[in-house]
Amino acid sequence: MNKNLKKMMTYYRPYRKIFWADMLFAILDAAVALSIPLIIRYITSKVVFMEPDQALHKIIMLGIAMVLMVAVGCYSKFFICNYGHVMGAKIEYDMRAEIFGHFQKLSFSFYDEEKVGQLMSRITSDLFDISELMHHGPENIVISMLKILGAFVILLNISPRLTVAAFLMIPFMIVYAYFVNRHMRKAFRQNRIKIAEINAQIEDNLSGIRVVKSFANEDIEQKKFRVGNEGFLNAKRNSYHYMGAFQAGLGSFTTLIQVCVIVAGTYFITQGSVDVNDLITFILYISVFTDPIRTLIDFTEQFQNGYSGFERFMEIMSIEPDIEDSEDAIEAPVLKGDICFKDVSFAYNDSTPEVLSHVSLNVPAGSYMALVGSSGAGKTTLCSLIPRFYEVTSGEITIDGIDIRKMTLKSLRNQIGIVQQDVYLFAGSVYENILYGKPDATEEEVYQAAKNANAHEFIMSLPEGYQTDIGQRGIKLSGGQKQRLSIARVFLKNPPILIFDEATSALDNESERVVQESLEHLAKNRTTFVIAHRLSTIRNAEKILVLTEDGIAEQGTHEGLLANGGIYEKLYHMHD
Ligand code: ADP
Ligand code: MG
């Protein structure tokens, strides 16, 4: 068995009992379907010729037996449908939990490459296909094979000639069904693609509705949408075409098989080689073996979908995080925040040039350090090496003399607070979003953090104060307010090391002033890296580093650098 298929089987393991019960009921279901025509045959060929009293007794017994069998068949179908689906859903639950856990572990480099939205929708539909296959697959094979083989053996025993007549059309039916089904599935897949496109279009349009309206481009948007909408309509038309051909074709084949059996059967009756009861039995068995053929044809498609979904699932599960705790990683002690870059070089991957080469840098604990330089110089990159979002290509970074690769990621990142230009707020209340900085904080601590971040007042003026729902991505808050929430979050976290990456550059002057105040308050007594957009905000920095594509070009205080008349001086006069 191939490796992925073997792996797939392991997901049944926790549900062995349901699985085998499912198989048992599948066998019962097939057994009932196969036996009832045999009982009817016994009645029409034997019971009708018995003495009236004996016949009455027999028919009552057989009637009761058949009702019981129908009940067994009914419960079997219920069990398979109910618990089979539950088993599939549990397996899906396990896989979803597993892949979500894996997503939490994967490194930044993974998310740089993969489009998260696409990844997510693919996983959702893949997991559904997998679960469908995993629960329908085994039971469909068991039921269908048993029914087809059982019917074949029983009919062969009754009349080999008539069996040939009954199965004559089967190869044609299979070929027809197989090809039409393939087209039909392809058309349905196309439907799925088209509807996904439409949904993406709607989502994009609604997210950007403010832009649409401000450019007064509603009619263009509608025209664009019409193209997608028509595409979906046409795809649906196409799929219904094949669905019609499939349903009508298979229905007709079943009738044709009946015609064959009746024509040949009548002929054989006139020849004396078959009797009327044999013919009735054959007619009763026709749907017992034609329905499963349809099921098996569906299964081939189901298998392809489910299995290729599982392969993609395994593909993602087998991606190792680039950055993990080393075997001998230690819990970092409470850090003072003495940061050293020792001959650090870094490239995002093997095929791109180095962003940083041989950078050495010493930032004493508690100091306020500013990074300036043109866009793309590598400021964000340099800072993202400190919390180990990416791994240095060579050299080392130490905090309080300990190589950061020797610390556990959790104990390292717990001691670094980052405030970026783009604030991401989660769905939920203001309170919950601040609490994110320290999930076990008390209410008092949360309020204090908000006060420290200059956020308490505006929060209190919101309709429901701290319990106000932020809405998706904090749309109801201004940029400056969102930024102050993110600062409150870091206050609550209370880390010894801070990174402000152009934290105020998206703000207007007034908000910038308020946020800047909060940031300076936050930076007190902590080691702080400030990446500044406006140089006026970093005048007080103890040291300013000027980063260019060639590395650190200048360093010193504001006054010193200005007096130098180098790059800094040029940048300063360009901006302010
Ligand atoms: P700055 O913050 O100084 O504007 P960055 O550190 O963002 O500069 O980027 C430095 C260089 O690294 C740029 O050339 C940029 O294109 C590249 N870069 C940034 N992020 C990534 C990434 N995730 N993957 C690959 N290259 C990147
Ligand atoms: Mg940047």
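**Exercises on a predicted model**

The residues around ligand 1 are Asp112, Tyr348, Val355, Gly373, Ser375, Gly376, Ala377, Gly378, Lys379, Thr380 and Thr381; a residue counts as near a molecule if its C-beta atom, placed from the backbone, lies within 6 Å of it. This is a predicted model, in which local features need pLDDT of at least 70, side-chain atom pairs count only at pLDDT 80 or more, and totals for chains, interfaces and linings use all residues. Residues are numbered from 1 along each chain as its sequence is written, while chains are lettered from A and ligands numbered from 1 in the order in which they are written.

**Exercise 1.** Describe the shell around ligand 1 by class, and state which helix gives the largest share.

*Solution.* Step 1: Ala, Val, Leu, Ile, Met, Phe, Trp, Tyr, Cys and Pro count as nonpolar, Asp, Glu, Lys and Arg as charged, and the others, Gly among them, as polar. Step 2: under this scheme the shell has 3 nonpolar, 6 polar and 2 charged residues. Step 3: helix α11 (residues 379-384) gives the largest share, 3 residues. Helices (H or I, at least four residues) and strands (E, at least two) are DSSP runs, numbered from the N terminus.

**Exercise 2.** Why is phenylalanine 246 classed as buried, and which residues does it touch?

*Solution.* Step 1: a residue is buried if 20 or more other C-beta atoms lie within 10 Å of its own, exposed if 12 or fewer, and partly exposed in between, with C-beta atoms placed from the backbone. Step 2: phenylalanine 246 is buried because 20 other C-beta atoms lie within 10 Å. Step 3: residues are in contact if their C-beta atoms lie within 7 Å; leaving aside residues up to four places away in sequence, phenylalanine 246 touches Val180, Asn181 and Met184. Step 4: phenylalanine 246 belongs to α9, whose buried residues are covered by elements including α6 (160-167), α7 (170-207) and α10 (276-317).

**Exercise 3.** Give the strand order of the open sheet and name its edge strands.

*Solution.* Step 1: strands pair if DSSP finds at least two bridges between them. Step 2: the 6 strands have the order β6-β7-β8-β3-β9-β10, with mixed pairing. Step 3: β6 (416-420) and β10 (551-556) are the edge strands, each pairing on one side only.

Notes. Two residues are in contact if their C-beta atoms, placed from the backbone, lie within 7 Å.
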